[in-house]
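Biologist: Please take me through some of the labels given to this model. I would like each one set against its rule.

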Amino acid sequence: FVNYYNTNDAAVIAIDDGKEWFYKEPPFKGRGDKDIFNVGIGYKITKEVRLFGEYMRGVKDVDSSVGRDGYVARIEYKGYDINKPGSFGLVANYYNQSSNSVLIPTIAANKFLFRGGYEGWNLGARYTLAKNIYALVDYFDTESKLGNNRDKVLVTELYFLF
């Protein structure tokens, strides 16, 4: 796939620094103005294992202290199906994204958008409990590209689809 994203302060609205939600005037105004190109590819290694890679490149230097590049590597095992109780999927991701190359970071790295971006990984699982009901668990371990900020987050969710 190939994508292009152009935003005008959109990313700023969704950023949480752990204390409050950002949407302030300077110095944050304009930090959500981004042009980002990305390209990705997926490959089915076996019937149950898939590998993905994605490269991003920011056109603008929103934060000149870091580069404009970013990438994500992902491996998936099996895959849950909301129509098949007992089905499950496992996933592992590695992230290395500058704040110039990403719109809104993963849930674990939201506060790092204004700290140069982030690098880290996550492990996740999805399990179908009953038809149209599934649960997920995700663990994220990320750190900011600038400074010495690290965050570890465990996310659990339960979905009912109608």
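**Labels and their rules**

Modeller: Lys60 and Asp35 form a salt bridge, their closest N and O atoms lying 3.8 Å apart. The model is a predicted one, in which local features need pLDDT of at least 70 and side-chain atom pairs count only at pLDDT 80 or more, while totals for chains, interfaces and linings use all residues. Residues are numbered from 1 along each chain as its sequence is written, and side-chain values use heavy atoms, with hydrogens and water left out.

Biologist: Why is the contact of Lys60 with Asp35 called a salt bridge?

Modeller: The rule asks for a side-chain nitrogen of Lys or Arg within 4 Å of a carboxyl oxygen of Asp or Glu. The N and O atoms of Lys60 and Asp35 are 3.8 Å apart, so the pair counts. By this rule there are eight salt bridges.

Biologist: What makes Asp35 buried or exposed?

Modeller: Buried means under 20% relative accessible area, exposed over 50%, and partly exposed in between (1.4 Å probe, protein chains only). Asp35 has 10%, so it is buried. Lys60 has 33% and is therefore partly exposed.

Biologist: How do you know that Asp138 and Arg126 tie separate parts together?

Modeller: Their side chains meet in a salt bridge at 3.0 Å, N to O. Asp138 belongs to strand S7 and Arg126 to strand S6, so the link joins parts 12 residues apart in sequence. Strands here are DSSP runs (E, at least two residues), numbered from the N terminus. Both Asp138 and Arg126 are buried.

Biologist: Why are S6 and S7 said to pair?

Modeller: Pairing requires that DSSP finds at least two bridges between two strands. S6 and S7 (residues 133-144) have 12 bridges, in the antiparallel sense, so they qualify. Trp121 stands opposite Asp141 in S7. S6 and S7 form a hairpin with two residues between them, and Asn132 in the turn has a positive phi of about 70 degrees.

Notes: Helices (H or I, at least four residues) and strands (E, at least two) are DSSP runs, numbered from the N terminus.
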